[in-house]
Amino acid sequence: MDCSMMSFTLKNPLSPYFIGITLAVYLVTASTLPQLLKDFRNKRRFLLFYILTGAASLGIFAAADFFTLFCFFEIMTLCSFAYVGCDESQASRKAAMSYLMYGILGGLVMLFGLMLIYWRFGTLSFQQLADTSFTPADTPVLYTAGSCLLFGFGAKAGMFPLHTWLPKTYTAAPCAGTTVLSAVLSKTGIYGILMVSLCLFQNNPAGGAWGAALSILGCLTMFTGGLLGLFSTNVKRTLACSSMSQIGFILVAIGCSDSLAALLHTVNHSLFKLILFTIVSFLFGMTGELDYNRLAGFANRKRWLKLPFLCAALGISGVPLFSGFVSKTLIHHGIETCMHIPPFADINKYGICISFQLSPFADVYKGVEWIFLISGGMTFAYMLKMYFALFHNHPQEESCREDTCIAKPGSLSIFLLYAFGFLCPAIGLHPEALQMILVWENLKGILISLSIGALIYLIFIRTCMMKQESWEGRSHIRYIDIYPSWLDIEELVYKPIFLKILPFIGALFSRAADRLMDGLSIFIMKTLLHPRGRSHVRNDHPLAYAAGKLADAVFTLVHVKIRKKPPVSRASYADLFTVGSTEFTRAARLVLYSVSFGLLLFALGLTATLVYLLATLQ
């Protein structure tokens, strides 16, 4: 493959689904732009990079090789960075810089992984890599290259521990941009991880360990995102943490080699977040607020938002008869399957008996199953918290009033919101989905998860994060942010490492290397290059030496003979002149052979040419 040329294809079975997600998200968000950008000061800049981000995303999903995917991936990162900080507030600038830092670092690590793959296998084509028969000798290269690609794509998807940019960026970005970030850009990272797993580790002996590692990272991602979502009192931040948690579910599905479950939950997650972030965009466009306490009672008066919100909330929680139940059940099946190796036929005197053996990673997937159920429960808990905060809490003293409505959504955006909202129960009521409900094992898993979520809401959220208050004779709930502000991995760990510890180690190493080279140079000069009693300075600079001797003679004549003063012990002018001549020669040689001197001469020559041309033209 010639890496100087990009290649595209739509024959990849995953591409149509991801392209469809992108087009649907841009259709809905475009319908909300007139409302959201009504008073936005940098409207043209946002629209430009909003469109470029969508075009780059389509290029990613249509790529036929990793090189093309990488190029459009970097373009998408730069374009989305430009609109994240589009309002130029301090929070958005800080979030945009954090997003860009992860994007650049992830891109550099990805590039190293691509170089390893091309060096080892001579191609970056998806199809050729999928058809390659890997040998045990290729395993170290596959693990190294796969880890590098996972770092880059995982950073974009919000995978733990590369997730710290996600809550900040989603909260600070414009609402339409947040919808694109959650429903499309995070899926570019998922798409990349899917292609790495399918091309490098499918039908590969190294795939078992790769899948187990990916499942562990998925568990950490889903649990951390769910935990952060429970603590949040900002609507956009809660949905941002929810996006991180659902990305963890998809990573577990990929780790279990269940592409169908991963793809279905990816489509479901984009659908859920498209609905939920669109509702948040409506609320923000009407009030300019995102805090639970400020929105209390306002959304309750907008009852037309309740039905699509419930469809998405119940779907993302995995409630039966909704689409999320189908994808989460398939993921649960994949986890249970990974606890065993494929069945084999045991023929004995009683006939043929299908037997199972525990896989080498059975204990890992047992833990994955429980974290999966607990994380699903946390999803149900924070969606309950958001629903009651928006649609059942009474207004407070500082709540948004009806007269604070800034801009109302258009009829087209409302129609699209309901159309996509009804897709959630429509998929859940599919005949094959209804058959899954009739299986007790499927219902048992989701009932355990929902029960855990109900207990978390009743025991933890209502007792620790909600405070009963009264205003104008009516009681209302105030949501309290009890999450410690100092507990931020980026501020607590990453920034000190990259801004203090690593520069200190680098400076220490450089200083030690500099002293070592100085000592080595002095040692060589005093041993191998020790002077043999011959003055090179005198012989190399005879004119300077002669001028110095003449100056010594003049000084002696004036000071001793004429002024009648006693002789003075001082340095000889001959030595001073020769040393100065040596230093001047050395400096002149450095200047003459330097790039700066060459550029200076080039500039002078170009200036002289321009002056000559101007003079002749006159």
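Contact here means heavy atoms within 4.5 Å. With that in hand, Thr29 is a handy place to start: leaving aside neighbours within four places in sequence, Thr29 is in contact with Tyr50, Ala176, Thr179 and Val180. The model is a predicted one, where local features need pLDDT of at least 70 and side-chain atom pairs count only at pLDDT 80 or more, while totals for chains, interfaces and linings use all residues. Residues are numbered from 1 along each chain as its sequence is written, and side-chain values use heavy atoms, with hydrogens and water left out.

Zooming out, the protein chain has 24 helices and 4 strands (DSSP runs numbered from the N terminus: H or I of at least four residues for helices, E of at least two for strands). Of its 618 residues, 48% are buried (under 20% relative accessible area, with exposed being over 50% and partly exposed in between, using a 1.4 Å probe and protein chains only). Among contacts between residues at least 6 apart in sequence, 78% join residues at least 24 apart.

Back to Thr29, which sits in helix α1 (residues 15-36). Thr29 counts as buried because its relative accessibility is 2%. A polar atom of its side chain lies 2.8 Å from the backbone oxygen of Val25.

Tyr50, one of the residues that Thr29 touches, is also among the buried residues of α2, along with Phe46 and Phe61. These buried residues of α2 pack against α1, α3 (66-84) and α8.

Of its 154 residues, Phe66 and Phe309 touch the most other members. Helix α8 (residues 175-201) supplies the largest share of this core, 16 residues. Most residues other than glycine have a negative phi, and most peptide bonds are trans. A cis peptide bond, with omega about 5°, joins Phe160 and Pro161, and Pro161 is found in the loop between α6 (139-157) and α7 (165-172). Ser257 has a positive phi near 60° and sits in the loop between α10 (235-255) and α11 (259-287). Ser257 counts as exposed because its relative accessibility is 65%.

Terms used:
A polar contact is a pair of N or O atoms within 3.5 Å; within protein, one must be able to donate a hydrogen and the other to accept it, and residues adjacent in sequence count only if both atoms are side-chain atoms. A nonpolar core is a set of buried Ala, Val, Leu, Ile, Met, Phe, Trp, Tyr and Cys residues joined through side-chain atoms within 4.5 Å.
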